[in-house]
Amino acid sequence: MGTEMWFADEHTPNVKLNIRVKKQLFSDHSDIQRVDVFDSEDLGKFISLDGNIVFSERDEFIYDEMVVHVPMAVHQHAKKVLVIGGGDGGVAKELCRYDEIETIDVVEEDEMFVEVSKRFFPDTAEGLEDKRVNLYIQDGLKFIRGKVGDYDLIINDSTDPFGPTEGLFTREFYGSCYKALNKTGILVYQHGSPFYDVDRDECCKMHQKVYSIFPISRVYQAHIPTCSSGYWLFGFASKKYHPVKDLDADAWDERKIHTKYYTTNVHKGSFMLPKYVEDMLRRVEKGKEG
């Protein structure tokens with residue numbers, strides 16, 4: 001028998017997610033990060049950046065649906081959308097299901113990530129082929145500087161607040177997002193996992209920054225198996241719309257969009273957070289440490 005191959009995604013210095021791998025399909029370093037693609041029995045193909053899983057074929061639909069349909073079910077008339085990161089095309093593909101959207105600007109810094117996604121995840125990357133999608137290989141923070149009132153919706157799809165994408169989790173970045181949105185604009189962003197201490201600290205810092213800039217700032221959740229602790233948070237920040245009070249469930253349901261995770265009931269429930277997360281956010285809002 002051959003040697004078994006396992007991929008280990010370190011969630012903390014003491015906790016790892018181990019996945020049995022059938023084959024490594026790709027490995028290289030871009031100018032920004034290391035990019036790897038593996039094939040596994042239970043999760044299908046998955047891609048990792050600098051050793052951290054970005055998505056797998058098995059669970060990417062959860063993430064993409066929750067960052068797209070939550071804001072789109074609230075803002076019924078979004079026409080211009082900016083996706084920061086998103087080089088795999090998954091978020092763009094989900095956005096393309098809305099006929100009223102006119103332009104989708106995808107700003108991805110790592111060209112290799114785009115090319116690898118097209119090669120190994122063509123069903124996901126086809127989202128980049130839609131005529132409404134404009135792909136920019138550029139730093140997201142630099143791209144958004146100077147934009148004023150350009151967008152109805154901004155989705156920050158960058159990986160995490162460490163390493164090459166660190167600039168996309170700063171106060172300056174969230175302030176630039178606020179300026180780049182029009183007066184009814186919504187920002188949705190990765191909020192990380194609150195479960196382990198090292199992740200919780202970043203959640204608190206993020207919420208503090210956004211809460212101090214946007215008049216409406218809420219957090220919602222999803223279960224994503226390959227994310228740290230399998231539990232992931234998203235941020236919803238808006239100049240006008242409340243994510244639950246302004247949800248038009250009937251209007252969204254009438255669209256008959258086929259989903260595998262998102263429903264308007266899940267939408268409402270995703271903003272009902274566990275007590276320890278509520279307490280964490282409340283402490284931040286009162287100006288205390290998380």
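Q: Which strands does helix α7 lie across?
A: Helix α7, residues 197–211, lies across β10, β11 and β12 (231–238). Its direction runs at about 170° to β10. Angles go from 0 to 180 degrees between N-to-C directions, with axes fitted to C-alpha atoms, for helices over the stretch in contact. Helices (H or I, at least four residues) and strands (E, at least two) are DSSP runs, numbered from the N terminus.

Q: What kind of model is this?
A: It is a predicted model, where local features need pLDDT of at least 70, side-chain atom pairs count only at pLDDT 80 or more, and totals for chains, interfaces and linings use all residues. Residues are numbered from 1 along each chain as its sequence is written, and side-chain values use heavy atoms, without hydrogens and water.

Q: What makes β7 and β8 a pair?
A: Pairing takes at least two bridges found by DSSP. Strand β7 (residues 103–108) has five bridges to β8, and the two run parallel. So they pair.

Q: What is the strand order of the open sheet?
A: The seven strands run β8-β7-β6-β9-β10-β12-β11, with mixed pairing.

Q: Why do β8 and β11 stand at the edges?
A: β8 (133–137) and β11 (216–223) each have a single partner strand, so one side of each has no neighbour in the sheet. On average, neighbouring strands here are turned by 15° against each other, direction ignored.

Q: Which strands does helix α6 touch?
A: Helix α6 (residues 171–180) packs on the sheet and touches β6 (80–85), β9 (151–157) and β10 (181–192). Touching is contact: heavy atoms within 4.5 Å. The direction of α6 makes about 150° with that of β10.

Q: Why is Met-280 called buried?
A: Buried means under 20% relative accessible area, exposed over 50%, partly exposed in between (1.4 Å probe, protein chains only). Met-280 has 1%, so it is buried. It lies in helix α10, residues 275–285.

Q: How do you know that Cys-177 is in no disulfide?
A: A disulfide needs two cysteine sulfur atoms within 2.5 Å. The count comes to zero disulfides. For Cys-177, the nearest cysteine sulfur, that of Cys-203, is 17 Å away.

Q: Where is His-75, and is it buried or exposed?
A: His-75 sits in the loop between α1 (60–74) and β6. At 4% relative accessible area, it is buried. Beyond neighbours within four places in sequence, His-75 is in contact with Asp-152, Thr-184, Ile-186 and Tyr-241.
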